[in-house]
Amino acid sequence: MASTTPRRSAVLSVLALIAAAALPTSLPEAAAAASSTEAPKPVAGHPLDGRYVVTLTDRPLVAYKGGLKGLAATAPPKNTRVDLGTTAAREYRSHLTQKQNAAAASVGVAIKQRFAVATNGFSAHLTGAQVAQLMAEPGVLSVAREQTYHTLDDRNSTDFLHLSGKDGLWESLGGAAKAGRGVVIGDIDTGIWPESASFAAPALGTAKPTADNPYRPYRSGTTTVMRKADGGTFTGTCQTGEAFTADDCNSKIISARYFGEEWLSFTPPAERADYISARDGNGHGTHTASTAAGDQGTHAVIAGRDFGNISGVAPAASIAVYKALWTNAAGEGSGASADIIAAIDQAVADGVDVINYSVGGTVESSADNPVQNAFRTAAAAGIFIATAGGNSGPEANTLDNTAPWTTTVAAGTIKPYEAAVRLGDGRTFVGASTSVTAAVGPEPLALAADLKVTAASADDAALCKSGTLDPALVKGRIVVCDRGVNARTDKSAEVARAGGVGMILVNVSDMETDADLHSVPTVHLNVPDSSTVRAYAATSGATASLQPDASSGAPYPQVAGFSSRGPALASHGDLLKPDITAPGVGILAAVAPPANRGHDFDFLSGTSMATPHIAGLAALYLSQHPTWSPMAVKSAMMTTATATRTNTGAASTDAYAQGAGEVDPSAMLNPGLVYNSAEHDWLGYLEGLGIDTGTGTAAVDPSDLNYPSIAIGSLVGSQTVTRTVTATVPGTYHARADVPGMRAVVRPSTLHFSKAGQTATFTVKLTLTTGLSGHTATGSLVWRSGSTEVRSPVVVTPWSAVGPKSVTGTGPSGRTTFSVTPGAKRLTLRTGGLYTGTPVRGTVSAADYSANGTSEQNFDFTVPQGGKAGQFFVTPDNPDATLCLFIARYADDGKSAAIVGDVAVMENRPVVSEPDLPPGRYLAAVIDLEDLPGTKSTSFAFQANVVGPHDSTVGTFRAVATTPTVMPGKPVDVTASWSGAPSGQPVTGYVGYGNQAATLVDVG
């Protein structure tokens, strides 16, 4: 259902976008869990100062459809790219530049980068006070902290997907030479290694294409031109730079650009390990690009071992490189949001058909995050966008890239490369391995910690860290190394250095295993086998041998343990993410040799590897149906997907892990029905989340977005969702809906289509029957016509009740009545007394917005384990003064924070109420934008009322329903009453409903 959060103004919603702010490392370390009465502590400095992306309300070039006097529309017709060289485009771009200049000048800052094609905005360095002041400016839609994004790390995935072979999908499309022809995939990543055999192709010439090869790219001056399958034209360039010339492009890599102004500005040269060009200094981008569109039949040999031929998913598609991720001296790939937005801007202007984005942030990006906003405009322009779900699983709520206009991809397994460990006592265990090509041993077996040099700690040696093993002890042995901390391949390198003949890499907790390319023959084992081997290796006289070509018989595809899980927090559970699963474990593809031990190819795992499979499949789709929308293509993939497997081989029902399931290329081209949506629908979705888009679009319940899945994050009694389907072939379809613990009614339950292109609308009413509050139910809706099945996952979480976030009462004793909607036939109200925190003093001055100024005051506080909620107050000494307040939660690293709750802007008594407040360390920011006339500062008291794990001993507080019987879905009145509240300071009462919902009562 729609969020119960009160709708925010543009200022409030935009300030709340300062999520995942990368706060300075000089902040104090996280304190130990405090009691609910511990006073907040002032924070030195200005943690909100930093780089921001400012988005303005005027539409960008690709989306502007006219309406401003004297400025003609610039949005291109369907299936054509925006032409930046027209008079209309130049004039409108000048208009946007003027608006950007005015916004920056209003707070006295210099613009660093500008965006105008997919996003209208700029990046700049701002203080916290300038952020708040800027958001009060007309025409500013959002201000978001610059975020750092990171690359996310059958045995042949194209064989596993049944693309190859005489009965494979490529053959049905006319062969591999036509699979993806006429489609351009834009890869936003770490660049490309153009010499790779996966990108071998004829040089770019100047002759225009012929009728028998209409999609052949050619050069016109320094511009690459390619006619596309959709009738449009791609125009790019081969941007020269360090170790990269125009000749490094060809008829496969048709364009290559780089975007690093922001990243290079904050990364000193000594901390870089990259080329200032489109050349890949990491290997990640080369791997994703070759996975999506590498040449068919590329021979892969690594360290003398022949792995046969490999292929990209769409081997006839063209590649456009947009390097926006960079490699530091530690070998880590990362990029700044401003650079990524610039890359998206250019990809849209160039006219790509598909974007692969194997990148993620440290926390979930909000749906109106600047990068996601740019992707929204790109999708509206007809570009299919595949995004990585993240590698932070298997914990819940760990996804990134969860906006509905992108396809969020989970990582699944394929048939693994395996080998066996045979112990001296005869027991045998099978694990992941690509490096055991011949039998090793039997040889002595020992724990690495028992083979350490004197100076090394046992813990470091157990991990086989560099320099920790003693060659005199290791020589001739098979060494057991623990997984963790240092890179897996670095462990085998240490064993090789010390003279070991093999390694058994052991997980110390339940995790996936990886078939890495190791320096010595290696088998990777998971628990419980790893624990057994460790115990045996500790015994006297232990021996082992490593045997090639073993098989564990593990079922596949399974969702990888590292693959991030839903539900998505940004949608409050009203949009199912991830969307789909694709191969992402042990994927063999091209890499950059200098950063990968000289290898031309390597096995990598991650949702980064799964995402280009979906990007490549989208290219195959668009080569056959070039005018289909990105959402129709996504729908076709999702509704034809199949369930992944559990570790027992059963069909998985975990939609928060697999989405709709494993993509099925053989079925996706014949979906029967598709669920389509466009930008107007996405804007309504954002408005339904309480986000002011500045467009005037009417809000819709997020659960009603026309999506190929159905999700309700908080079902109270019953809810009806609406969907519209478009037929791809004629037929009569009959519905079947099944959701455990729910009654699901589809109306109408039969749909008839006499021709392709017809649409029909239906509703699904879901009513709680035997389901339990807070327990998610997963089922499906299937439309069937003959042998065609159109399957949508349905995920519903029932709630026992919902009420307002907060209500207000007055006086040391009193009562207030408010409405609560029960979700079951019994309403349970939970209270715990009155809560009050210790006020702390502060003074702010609007006169000084500088980086070291006094316009903001920040406070640290901790919500202890068992904490439930919080209410936060700023009380100016002068009741006529106005101040701003927002609350942010630190991430585990203590360096980033995400806004929680609403933001109070220029209020006489700012209050932020958060009925669901997880334990952790938090930051409160008080900002002064305007002092009263005749004053130069504003003094105040800040107070954090945290509802802790124990009942309060302050006063009394109770809540009762005014009627003894309740009906699910029918609102009832609840009266809260209190006495003994301390006077002269804010006091909070808490009414819980037995789930995440609660109402805070502001007393006093």
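Where is Pro557 found? Pro557 is in the loop between strand 28 and strand 29. Quick word on naming: helices (H or I, at least four residues) and strands (E, at least two) are DSSP runs, numbered from the N terminus.

Before I go on, this is a predicted model, where local features need pLDDT of at least 70, side-chain atom pairs count only at pLDDT 80 or more, and totals for chains, interfaces and linings use all residues. Residues are numbered from 1 along each chain as its sequence is written, and side-chain values use heavy atoms, with hydrogens and water left out.

Okay, back to that loop. The peptide bond from Tyr556 to Pro557 is cis, with omega near 5°. Gly566 and Pro567 are also joined by a cis peptide bond, with omega about 0°, and Pro567 sits in the loop between strand 28 and strand 29 as well.

Asp579 is in that loop too, between strand 28 (543-547) and strand 29 (580-583). Is Asp579 buried or exposed? Its relative accessibility is 0%, so Asp579 counts as buried; buried means under 20% relative accessible area, exposed over 50%, and partly exposed in between, using a 1.4 Å probe and protein chains only.

Now, what does the side chain of Asp579 do? With the side chain of Tyr707 it makes a polar contact of 2.7 Å. By polar contact I mean a pair of N or O atoms within 3.5 Å; within protein, one must be able to donate a hydrogen and the other to accept it, and residues adjacent in sequence count only if both atoms are side-chain atoms. A polar atom of the Asp579 side chain also lies 2.8 Å from the backbone nitrogen of Thr408. Not counting residues up to four places away in sequence, Asp579 touches several others, including Lys634, Met638 and Gln658; contact here means heavy atoms within 4.5 Å.

Lys634 and Met638 take us to helix 15, where both are among the buried residues. Ten of the ten residues of helix 15 (residues 630-639) are buried, so the rest of the structure largely encloses it.

Helix 14 is mostly covered as well, with 17 of its 18 residues buried. How far apart are the end C-alpha atoms of helix 14? They are 26 Å apart, which agrees with the 26 Å that the 18 residues of helix 14 (residues 607-624) should span at 1.5 Å a residue. That expected span is 1.5 Å times one less than the number of residues.

Next, helix packing. Helix 8 (residues 337-350) and helix 9 (residues 370-380) have axes that come within 9 Å and cross at roughly 5°. Axes are lines fitted to C-alpha atoms, for helices over the stretch in contact, and angles run from 0 to 180 degrees between N-to-C directions. Helix 8 and helix 9 are therefore roughly parallel to each other. For the labels, angles under 35 degrees count as roughly parallel, over 145 as roughly antiparallel, 65 to 115 as roughly perpendicular and the rest as oblique.

On the helix 8 side you'll find Ser337, Ile340, Ile341, Ile344 and Val348, meeting Pro370, Val371, Ala374, Phe375 and Ala378 in helix 9. Those contact residues divide into nine nonpolar, one polar and no charged. Here Ala, Val, Leu, Ile, Met, Phe, Trp, Tyr, Cys and Pro count as nonpolar, Asp, Glu, Lys and Arg as charged, and the others, Gly among them, as polar.

Helix 9 also packs with helix 18 (residues 679-688), at an angle of about 150° and with the axes 10 Å apart. That pair is therefore roughly antiparallel. Arg376, Thr377, Ala379 and Ala380 in helix 9 meet Glu679, Trp682, Leu683 and Leu686 in helix 18, and this contact has five nonpolar, one polar and two charged residues.

Last stop, two positive phi values. Cys464 isn't a glycine, yet its phi is about 55°. Cys464 lies in the loop between helix 10 (458-462) and helix 11 (471-474), and with a relative accessible area of 0% Cys464 is buried. Cys464 is also one of the residues in contact with Cys481, which is found in strand 25 (residues 478-482).

Then there's Ala303, with phi near 50°, in the loop between strand 13 (298-302) and strand 14 (305-310). Ala303 has 73% relative accessibility, so Ala303 counts as exposed.
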